[in-house]
Amino acid sequence: MKSPASASWKAPLKFRMPTAENLIPIRLDIEVDGQRYKDAFTWNPYDPDSEVVMFAKRTVKDLKLSPGFLPQIVQSIQSQLATFRSYEGQDMYVGDKIIPIKLDLQVNHIVIRDQFLWDLNNFDSDPEEFARTLCKDLGIEDPEVEPAIAFAIREQLYEIAIQNVTTARENRISKKGRRAAEHFTPSKASGAALDLMKLFSFGSSVVRKRKEWDYYKPVLDLLSNGDVHALEAKEERSG
């Protein structure tokens, strides 16, 4: 369902990801007996909890991890799902909201940096489709880059959705906040957001402002084996 562009603070929505599929980002960073497992992926919060256990068992088996990883993987995923579900049914205010999405990723030998605007009111948006298009346009063939881009977008959209729940809660609790919501007067910032809405074509969720194409165009760097090893060593020291 796509929310109309004229959505206002008078009409809160129920919490959900502002995308076509209500998938949530899951991050794992687990260490057991000197062995470390890191991963990032999306999960359907409406899948049965038994899927979490099955996923953990397959992961431990396929990656030949020690048995101690099994309960920790299950606990970490279930905890993140519980956090998401704790917001379900709560109001979230979106309004005419355009947000910047930033990418700064290293996947294997590829570093990609990008910045663009995303329409939170388009509930038909598809981060995975955007990632496929971006990889195709940049000639990226590494199959791990596309899901990493989609995940980074979903992670930022998830954070914004939670912030919108907090805003709705504060406005509901505060009488002053309620009056401000009911008699909302567009500020300079909101006026700018309304102007940005005009940049979006029907059904579009992403835009690059023409005058900023040179500044916001994607940057793609290729790393040598030495660069990758150096970055991995740095991450291990900081971790």
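**Close-up views of a predicted model**

**View 1. Buried residues of helix H2.** In H2, Phe 69, Ile 73, Val 74, Ser 76, Ile 77, Leu 81 and Phe 84 are buried (under 20% relative accessible area with a 1.4 Å probe, protein chains only; exposed is over 50%, partly exposed in between). These residues cover an arc of only 165 degrees around the axis, which puts them on the same side of H2; the arc is that of the directions from the helix axis to the C-beta atoms. They pack against strand E2 (24-32), E3, H1 and helix H4 (145-173), contact being heavy atoms within 4.5 Å. Helices (H or I, at least four residues) and strands (E, at least two) are DSSP runs, numbered from the N terminus. The model is predicted: local features need pLDDT of at least 70, side-chain atom pairs count only at pLDDT 80 or more, and totals for chains, interfaces and linings use all residues. Residues are numbered from 1 along each chain as its sequence is written, and side-chain values use heavy atoms, without hydrogens and water.

**View 2. The salt bridge between Asp 91 and Lys 14.** The N to O distance is 2.9 Å; a salt bridge places a side-chain nitrogen of Lys or Arg within 4 Å of a carboxyl oxygen of Asp or Glu. Asp 91 in strand E4 (residues 91-92) and Lys 14 in strand E1 (residues 13-14) are 77 residues apart. Asp 91 is partly exposed, at 23% relative accessible area.

**View 3. The salt bridge between Arg 113 and Asp 104.** Their side chains meet at 3.4 Å, N to O. Arg 113 is partly exposed at 37% relative accessibility, whereas Asp 104 is exposed at 57%.
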